[in-house]
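The sequence and structure are shown first.

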Amino acid sequence: MGGRGDSTRSSDEKAERRAAQELIGTYHQEQLRIQLEHVREGFVRFDQGEIDEFELDRVIFYYKRSAAELWKFCGSGGGQSLQAARALANMRERGEEPDWWEAGAPRDRRA
């Protein structure tokens, strides 16, 4: 029954999962850095007196929501990384990569 074909397929699947984990790990890190830049800019604006404590708090709130959405997308490894890598590839092909900062923005309740 099983044999070399099964072993090769299993090895290929493991390699695909590892590649997906590496891709999504790198993507997650890059996207978190982008989100943290928003927070850094918020602190700069606060220090310069352009925004007050409440506006800075809102920037931090957006960051927390954005980071949570990114975590949900990227998953925690294994099959979730493979699924995320495939979804990311499809989005990139369509030119529709998510804006995680916008994903964390509170929805306008008036709309």
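## Basis of the model

The model is predicted: local features need pLDDT of at least 70 and side-chain atom pairs pLDDT 80 or more, while totals for chains, interfaces and linings use all residues. Residues are numbered from 1 along each chain as its sequence is written, and side-chain values use heavy atoms, without hydrogens and water.

## Helix α2

Helix α2 comprises 22 residues, 53–74 (helices are DSSP runs of H or I with at least four residues, numbered from the N terminus). Its first and last C-alpha atoms are 31 Å apart, close to the 32 Å expected at 1.5 Å a residue (1.5 Å times one less than the number of residues). Gly-75, with a positive phi near 75°, follows α2.

Among the buried residues of α2 are Leu-56, Tyr-63, Leu-70 and Cys-74 (buried means under 20% relative accessible area, exposed over 50%, partly exposed in between; 1.4 Å probe, protein chains only). On the other side of α2, the exposed residues include Glu-53 and Trp-71.

## Salt bridges

The whole structure holds six salt bridges (a side-chain nitrogen of Lys or Arg within 4 Å of a carboxyl oxygen of Asp or Glu). One of them joins Lys-72 to Glu-69, with the closest N and O atoms 2.9 Å apart. Both residues belong to α2 and lie three residues apart, about one turn of the helix. Lys-72 is exposed at 59% relative accessible area, and Glu-69 is partly exposed at 28%.

Arg-92 also pairs with Glu-97 at 3.1 Å, N to O.

Notes
Helix = DSSP H or I, 4+ residues; strand = E, 2+ residues; numbered from the N terminus.
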